[in-house]
Amino acid sequence: MTSSVLILTQEFDPTADPVVEALAARDTRVTRVDLSYFPRTMTLTEDVDRGRRVLRHRDRTLDLNELSGVWYRRPTAFDFGEGMGEAEEQFARNEAIQAVGGILRATECVWVNRPDLDAVAELKPYQLALARRVGLRVPRTLVTNDPAEVSAFLAAAAADRPVVYKAFSGGVIRYPGSFPIGLLTTVVGDELREHIERVRHTACMFQEYVDKAYEVRLTVIGNTYFPVVIRSQDNEATRVDWRGENEMAYGDFEPVPAGVVAKVQAMLAELGVVYAALDFIVTPGGEWVFLEANPNGQFMWLKHDLGLPFSECMADLLTRGGEFRRGEITQVSY
Amino acid sequence: MLATLAKGPLRMGPSMLADGADPQPSGADHAGLPLAYAYADWTPTPGTDLSRDTGHYDDETQTWVAPPGVITAGHWTRSYDKHGHYVVDDACA
């Protein structure tokens, strides 16, 4: 029987496109929709007594009970058009959340990742606490909106140990007349004292800087691990944050040590996510230090640069069907 | 609650899809803005090609179809809006 896969994402999503193509190449029935299609061009129906669940969009009719997998990628919000006032739209939105969320959640297939679990998994302070609990080393970290706490954290930092500021949410910074740009992890200095009161405006995260030999981007798709060595220390622009340069220096493949694998598996099992892209520092002493997990992290750049088979692996996972269980892992070289 | 079901557009999405229209902040960098703005580095890139074709979503293939060079893949996946500005995506996150 042909597998059926639902992909929830926006129309412009370069990471989703190769997966759609990989699924189509194996004759999988792919339905890609954005939640912004609801309710104007997409209908969802559930007949509870009969257990019938149907999604219709344009000329596509999808029986949700036949799904082998759902990729909850980057869907955007419902679009109710111009006809409603704010109050009416809020009502319509609340109703839609209940129905759309409930109908989709009732499908019995693999979710990459379940939206409720995904939302919790991306909370960085929780990730750090959980990583510590499973035995991974994490940088000394302060999360606060209290300037006095920041001053104390800076005062307690070793003289030879810088402190970095990093945003929780990818650092989307918008300036007038500009397009959005990311905020890189930044070493803070004396200038922070001048700006310290701005800590009050929202939550901030500060971490003790950890010396690096190199870094590892570990993409986990089900029980398949794709560790990629990033030689961030070769270039001044990437020493603190490897996103500082678009041209990336990759190192030779290095498998994740068994002890780290066991802790990552424990962490992902606790989070309940099937997919995540995790960032690690490897210190000059060879210790792996957990930085963060991106439960919806991008992987097209690594596919492009190194030819890793992410799309095929994701397609395998989505078409396999049945319940996903964490188990023995496979590490993919490059 | 909606955040558990829907996410924001990819960073480059609004400009690609809405002709450069993107929410703008209320003012310049000042003490009333979050600390992150004190550390943001921004180098504007002027538009160069007002007639650039940014491509379209193909409902048949269910993928974005773009002319060569409009989207370049890297860890900052770069795309261009209709005015020739380049836009980078969410950079891995």
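Read along the sequence, chain B follows the pattern α-β-β-β-β-β, where helices (H or I, at least four residues) and strands (E, at least two) are DSSP runs, numbered from the N terminus. This is a predicted model in which local features need pLDDT of at least 70, side-chain atom pairs count only at pLDDT 80 or more, and totals for chains, interfaces and linings use all residues. Residues are numbered from 1 along each chain as its sequence is written, chains are lettered from A and ligands numbered from 1 in the order in which they are written, and side-chain values use heavy atoms, with hydrogens and water left out.

**Chain B in outline**

- The secondary structure of chain B comes to 1 helix and 5 strands.
- Of the 93 residues in chain B, 42% are buried, meaning under 20% relative accessible area, with exposed over 50% and partly exposed in between (1.4 Å probe, protein chains only).
- Contacts (heavy atoms within 4.5 Å) in chain B between residues at least 6 apart in sequence include 48% that join residues at least 24 apart.

- Helix α1(A) is largely enclosed by the rest of the structure, because 7 of its 10 residues are buried.
- Those buried residues are Ala16(A), Asp17(A), Pro18(A), Val19(A), Val20(A), Ala22(A) and Leu23(A).
- The cover over them includes β1 (4-9), β2 (29-33), β6 (67-74), α8 (300-306) and α9 of chain A, together with β2 (63-65) of chain B.
- The axes of α1 (residues 16-25) and α9 (residues 310-320) of chain A come within 8 Å and cross at roughly 60°; axes are lines fitted to C-alpha atoms, for helices over the stretch in contact, and angles run from 0 to 180 degrees between N-to-C directions.
- α1(A) and α9(A) are therefore oblique to each other: angles under 35 degrees count as roughly parallel, over 145 as roughly antiparallel, 65 to 115 as roughly perpendicular and the rest as oblique.
- On the α1(A) side, Pro18(A), Val19(A), Ala22(A) and Leu23(A) meet Ser311(A), Glu312(A), Met314(A), Ala315(A), Leu318(A) and Thr319(A) of α9(A).
- The residues of this contact between α1(A) and α9(A) divide into 7 nonpolar, 2 polar and 1 charged (Ala, Val, Leu, Ile, Met, Phe, Trp, Tyr, Cys and Pro count as nonpolar, Asp, Glu, Lys and Arg as charged, and the others, Gly among them, as polar).

- Helices α4 (residues 124-133) and α7 (residues 258-271) of chain A pack at an angle of about 135°, with their axes 9 Å apart.
- α4(A) and α7(A) are therefore oblique to each other, and their crossing is right-handed.
- Tyr126(A), Gln127(A), Leu130(A), Ala131(A) and Arg133(A) in α4(A) touch Met267(A), Glu270(A) and Leu271(A) in α7(A).
- By class, the contact of α4(A) with α7(A) has 5 nonpolar, 1 polar and 2 charged residues.

**Aromatic pairs**

- Over all chains, the structure holds 13 aromatic pairs; rings of Phe, Tyr and Trp (its six-membered ring) pair if their centres lie within 6.5 Å, and planes under 30 degrees apart count as stacked, over 60 as edge-to-face and the rest as tilted.
- Tyr165(A) and Phe206(A) have ring centres 5.6 Å apart and planes at 55°, so the pair is tilted.
- Tyr165(A) belongs to strand β9 (residues 163-166) and Phe206(A) to strand β11 (residues 204-208) of chain A, so the pair ties together parts that are 41 residues apart in sequence.
- Both Tyr165(A) and Phe206(A) are buried.
- For Phe226(A) and Phe310(A), the ring centres are 4.6 Å apart and the planes at 45°, so this pair is tilted.
- Phe226(A) lies in strand β13 (residues 224-230) and Phe310(A) in helix α9 of chain A, so the pair ties together parts that are 84 residues apart in sequence.

**Backbone details worth a look**

- The peptide bond from Phe38(A) to Pro39(A) is cis, with omega near 5°, and Pro39(A) lies in the loop between β2 and β3 (42-47) of chain A.
- Asp27(A), in the loop between α1 and β2 of chain A, has a positive phi of about 60° although it is not a glycine, and at 62% relative accessibility Asp27(A) counts as exposed.
- Gln62(B), in the loop between β1 (56-58) and β2 of chain B, has a positive phi near 60°, but Gln62(B) is buried, with a relative accessible area of 4%.

Terms used: Left-handed = near helix turned anticlockwise from the far one by under 90°.
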